[in-house]
Amino acid sequence: MIDVREVTFSYREPVDEEKPERPALSGVSLEVRPGEFVALLGRNGSGKSSLTRLLNALQQPAEGTVLVEGRPTSDPKLTQAIRRTVQIVFQNPENQQVGLTVGEDIAFGLSNIGWPQAEMAERIAWATRLVGLAAGEDRPVSGLSGGEKQKLALASVLALAPRCLILDEATSMLDPVARRQFVETLHRVREEQPFTLIYITHHLEEVMAADRWYLFRSGEIEASGTPAELADQPALLAACGLELPYARRLSFLLRSRGIPVSANPDAEELRRLLWKSR
Ligand SMILES: Nc1ncnc2c1ncn2[C@@H]1O[C@H](COP(=O)(O)OP(=O)(O)OP(=O)(O)O)[C@@H](O)[C@H]1O
Ligand SMILES: [Mg+2]
């Protein structure tokens, strides 16, 4: 689905040959297979968003290649097909809303890809229901909360049935409960209508079920592996500015002291363990 090979990318031409600026991405390679759920993780400025812009042909690498379903993003004739395949929801929903009402906003993307007019209303209703946008499509976009705008951004792209969806900190404006609902919705939709998911977040609990994690550090990929492989390396995670959810950290500490506990203990298991250890 996505094949990134040895990519280097900078926002500016080097001004001083003697003191070259650190590129936003250097020597980055990664591969995402169809239907996979992959997480891009790392501290602020590590290059995650820059990579997503390359995947959608919004930017071009200085070196290396980016292929989307085998199509090089460097070929302008393929840009439209690539943007149809790969949809991105960015962190700030305001920049992505074009309609005055919820319904108009979703309809805009649908008309762009030539969705049949007769099936439009049904699709809009489906998408708003899916993300749990209350009271429907006539609501003015200006009256939505930050979290609702993020849900609308998600509804607008899900309506288009993309084969690959990139969510770049798309839950940043949601509270923890809404964030959990958002992630559950996403996986429910993937069961119904499978797509490749590339997920960027600072919250590891949202990506414990991912197939693979890529850890970014200063524009390079520091490590990649399954969540189980990487979650057991707190020093590596810390070096990449990441912290495991509380239960996982506690479990790791207990196991490192020889106390048998599962990798992701629930409150009941921890209570039993504490009780026993008294
Ligand atoms: N539009 C831009 N113009 C110039 N430099 C930029 C631009 N966007 C990002 N950068 C720089 O490129 C590097 C990588 O930034 P990027 O936004 O890709 O990181 P990120 O991992 O997405 O961070 P965050 O978690 O804060 O979103 C950083 O040094 C950043 O300052
Ligand atoms: Mg970013």
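How far does a backbone N or O atom of Gly-47 lie from an oxygen atom of ligand 1? The distance is 3.0 Å, within the limit for a polar contact (a pair of N or O atoms within 3.5 Å; within protein, one must be able to donate a hydrogen and the other to accept it, and residues adjacent in sequence count only if both atoms are side-chain atoms). This is a predicted model, in which local features need pLDDT of at least 70 and side-chain atom pairs count only at pLDDT 80 or more, while totals for chains, interfaces and linings use all residues. Residues are numbered from 1 along each chain as its sequence is written, chains are lettered from A and ligands numbered from 1 in the order in which they are written, and side-chain values use heavy atoms, without hydrogens and water.

Ser-46 also places a backbone N or O atom 3.2 Å from an oxygen atom of ligand 1, and Ser-49 brings a polar side-chain atom to 2.8 Å from a ligand oxygen. The protein buries 64% of the 640 Å² that ligand 1 exposes when taken alone (Shrake-Rupley method, 1.4 Å probe). Around the ligand are 13 residues, of which Gly-45, Gly-47, Lys-48, Ser-49 and Ser-50 come nearest (a residue is near if one of its heavy atoms lies within 4 Å). By class, this shell has 2 nonpolar, 7 polar and 4 charged residues; Ala, Val, Leu, Ile, Met, Phe, Trp, Tyr, Cys and Pro count as nonpolar, Asp, Glu, Lys and Arg as charged, and the others, Gly among them, as polar.

Next come the sheets. Helices (H or I, at least four residues) and strands (E, at least two) are DSSP runs, numbered from the N terminus, and two strands pair if DSSP finds at least two bridges between them. One open sheet has 4 strands in the order β2-β1-β4-β5, with antiparallel pairing. Its edge strands are β2 (25-32) and β5 (71-72). Strand β1 (residues 2-9) pairs with β2 over 5 bridges, and Val-4 stands opposite Leu-30 in β2. Helix α1 (residues 48-55) packs on this sheet, touching β1, β2 and β4 (63-68); contact means heavy atoms within 4.5 Å.

A mixed open sheet holds 6 strands in the order β6-β7-β8-β3-β9-β10. β6 (86-89) and β10 (220-225) each have a single partner strand, so one side of each is left without a neighbour in the sheet. β6 and β7 (residues 164-168) pair in the parallel sense over 4 bridges. Helix α1 lies across β3, β6, β7, β8 and β9, whereas α6 (residues 176-192) lies across β3, β7 and β8.

Conventions: Axes are lines fitted to C-alpha atoms, for helices over the stretch in contact, and angles run from 0 to 180 degrees between N-to-C directions.
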